[in-house]
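Here are my notes on this one, point by point. Have the viewer open while you read.

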Amino acid sequence: MSIPLVIIGPGRLGRSAHFLLSKHGQNVPMIGRGEPIPAAQVSWITVPDREISTVATAIPAGGIVLHASGAQDFQVLRPHRPAGSLHPLMSFPGPESGMPKGVIPAAVAGDPDAIDAAQTLAEQLGFTPFHVQGSRAAYHAAAVMAGNFATTLLVEAGRILSTCGIDETESRRLLAPLALTSLQNTVEAGSSALTGPIVRGDEQVITSHLECLSSIDP
């Protein structure tokens, strides 16, 4: 007899999902490296991308197999059928550090029955599922841009502000409300949310910025 669900991979996402399901009274096994994988109605692989195909070969046949990769197509899980993916569009530091707040979108893809299972699991976890089609590289590149580029910009802006005699950590705190408000405005308005000297065509200010940045870090 198979169990309803098993999580394979006790990384940050796996532990976070286990924590969320436990809060709702679900006793879901979480399988670590080298442990036997039980037969399950749904097996969710939450290991690094490079390990997905190897783990898939160790899963008993007969159930639905999902992976949690944003970059990998669900075909990597063959010959399992139905197969699919459930990828939360959010970063998880692990339940020991804290859980993300607010809406957590989750991309689902795969064979029809796998999509149904992924949507059900997403809802059990409190995620908001959406169906993603087409290039996984395009999908994952968009996620990486949204998740990491803003971080890089805020770090660099904080470093520049710190040259004005303000502690670098405090610089990031001071700039964060501006950055967060700009992002929120962009959700609705797109590029028309842009403000500042570029929009105004103020070439003199832009030139002064370029000269200053070059002197700080050529």
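**Notes on the model**

1. Glu 156 and Arg 159 sit three residues apart in helix α4, about one turn of the helix. They form a salt bridge, with the closest N and O atoms 2.7 Å apart; the term means a side-chain nitrogen of Lys or Arg within 4 Å of a carboxyl oxygen of Asp or Glu. Glu 156 is partly exposed at 32% relative accessibility, and Arg 159 is partly exposed at 30%. (Buried is under 20% relative accessible area, exposed over 50%, partly exposed in between, with a 1.4 Å probe and protein chains only. Helices, H or I of at least four residues, and strands, E of at least two, are DSSP runs numbered from the N terminus.)

2. Before going on, the ground rules. This is a predicted model, where local features need pLDDT of at least 70 and side-chain atom pairs count only at pLDDT 80 or more, while totals for chains, interfaces and linings use all residues. Residues are numbered from 1 along each chain as its sequence is written, and side-chain values use heavy atoms, leaving out hydrogens and water.

3. The whole structure has seven salt bridges. In one of them, Glu 51 meets Arg 33 at 3.1 Å, N to O. That pair links distant parts of the chain: Glu 51 is in the loop between β3 and α2, Arg 33 in the loop between β2 and β3, 18 residues apart. Glu 51 counts as buried at 17%, whereas Arg 33 is exposed at 73%.

4. What is the largest nonpolar core made of? It has 25 residues, and those with the most contacts inside it include Trp 44, Leu 66 and Leu 121. (A nonpolar core is a set of buried Ala, Val, Leu, Ile, Met, Phe, Trp, Tyr and Cys residues joined through side-chain atoms within 4.5 Å.) Its largest share, seven residues, comes from α3. A second, separate core of 15 residues includes Ile 8 and Leu 77.

5. A search of the whole structure turns up one aromatic pair. Phe 92 and Phe 127 are tilted, 6.0 Å centre to centre with 50° between the planes. (Rings of Phe, Tyr and Trp, using its six-membered ring, pair if their centres lie within 6.5 Å; planes under 30 degrees apart are stacked, over 60 edge-to-face, the rest tilted.) Phe 92 lies in the loop between β5 and β6 and Phe 127 in the loop between α3 and β7, 35 residues apart. Both Phe 92 and Phe 127 are buried.
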